[in-house]
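Here is a short briefing on one protein model.

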Amino acid sequence: MNVLFSAAGGLYYPAIPLFLRSINISIDETSLLLSGLSLSSFISTIIWGRVADSPQRRGRIITVTTLSGAALYMALALPLPLVAFVVILLVSNLVLSGLMPTVMAEASGWVNAIDEFGYFWIGGSLGYAITTAFTGYVLGRFGIRLIFLLSSLLILGVYALARGLATNDSHVVTVNVGDVVQNHVRISGVFWLFTVAVVIFLFTDVAKNLYIPVFYAFDLGMGYALATLTLSIEAFLEIPVIYAFTRVLKSTNAWVIFNLSLVLAGLYFIINALIPPNPLLAFTAMATYSLVWGTYSVSSSALVSRLTGLGRRGTAYGVYNAAFPIANVIGPLYIGYAISSSGYRHGLMYLSASPLIMGLALLGAFKFTGNESVKTGT
């Protein structure tokens, strides 16, 4: 399922800032627009997650979000003025943001949830890798309309695969007395500390998907096709890294790996700030992000279920998934200002400080989670 959903994201997500740049929208205006779009996702993801606390509602959420999202993407494939394009994109964010917390809340209650999340993230990397390989080519040759037409078809495929997910009882863990007690426990303060760290980490992901391809395409002179192809190669490399760290998590504290991902995120900014205008080195610099995302994805999704009770999983995964749009609200303003005021290279060096400081500060704080070597899905 996540193969198709991420494939759709791999088409439209990096294409939007490239499209806006092609019609002479400035980096500051683009950053403001992207932040406004993400604000809608931030609010709606939390609401959808709260609704998804109830397992009985999850099948209906999947149906509503995927079918409505596919219809809205089909509308974006029509010739539209820029204002209408932005409004429909805003509504599509409101709708589709309910899918991820619903699916993740459901999967967190399955036997061997760590393995399930590993496959989930591998599927996401595979889908993103496939479509970003030709996003720039399709955008340059056929325009933004075909991007959203293909995205709509992929979301329909998500519906076909995911509609029975929440009614599949074969993988569901039997609830024990401890789970019943935890149903009414509030989400812990450690979870909120973790959420702040997730938002800081995701500034790196915002830059990697929205700003660094633009840096490669224009400042390094690589063009659309090669710039987005770097995203594809990197996403393919995520697959073995995610698989490896899924195995590591069975015997290692997830909190340590999560904080390692923050340190690696800071180093990723520094590497990109230092590369000369050489396509091979740009591909190498982008490829290092596979370690960043591989450590983050498996550790963070495991920590959500470790830090919350079973009855709060929908809300917790709603907050976890809302971290991405809030990073997209704050990130373009923060990243855009750093780049526009200092240039790409100095701006990326400045941006490296936040994840490095947070990662190093929290690296010794894993004791807050107890002995959290995750061995089961509950």
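**Salt bridge, cavities and core**

The count of salt bridges comes to 1. The model is predicted. A search of the whole structure also finds 3 cavities of 30 Å³ or more.

**The salt bridge**
- The side chains of E234 and K208 form a salt bridge, at 3.2 Å from N to O.
- This pair links distant parts of the chain, with E234 in helix α10 and K208 in helix α9, 26 residues apart.
- E234 counts as buried because its relative accessibility is 0%, under the 20% cut-off.
- K208 also counts as buried, because its relative accessibility is 3%.

**The largest cavity**
- The volume of the largest cavity is about 1,000 Å³.
- Its lining holds 41 residues, and F5, Y12, Y13, M100 and F324 are the closest to the centre.
- Elements that give two or more residues to this lining include α1 (2–22), α9 (189–219), α10 (223–248) and α14 (313–351).
- Helix α1 gives the most, with 8 residues.
- By type, the lining residues divide into 23 nonpolar, 14 polar and 4 charged.

**The nonpolar core**
- The largest nonpolar core has 111 residues.
- F148, F194, F201 and Y216 have the most contacts inside this core.
- Helix α9 gives the most to the core, with 18 residues.
- Beyond its neighbours within four places in sequence, Y216 is in contact with residues including G221, M222, A227, T230, N272, I275 and M286.

Notes
Residues are numbered from 1 along each chain as its sequence is written. This is a predicted model: local features need pLDDT of at least 70, side-chain atom pairs count only at pLDDT 80 or more; totals for chains, interfaces and linings use all residues. Side-chain values use heavy atoms; hydrogens and water are left out. On a 1 Å grid over the protein atoms alone, a cavity is a set of points where a 1.4 Å probe fits but cannot get out, and a pocket is an open set with protein on both sides within 12 Å along at least five of seven lines; lining residues have an atom within 4 Å of a point. Grid points are joined across faces, edges and corners, and a volume is the space filled by probe spheres set on the points. Helices (H or I, at least four residues) and strands (E, at least two) are DSSP runs, numbered from the N terminus. Ala, Val, Leu, Ile, Met, Phe, Trp, Tyr, Cys and Pro count as nonpolar, Asp, Glu, Lys and Arg as charged, and the others, Gly among them, as polar. A nonpolar core is a set of buried Ala, Val, Leu, Ile, Met, Phe, Trp, Tyr and Cys residues joined through side-chain atoms within 4.5 Å. Buried means under 20% relative accessible area, exposed over 50%, partly exposed in between (1.4 Å probe, protein chains only). Contact means heavy atoms within 4.5 Å. A salt bridge is a side-chain nitrogen of Lys or Arg within 4 Å of a carboxyl oxygen of Asp or Glu.
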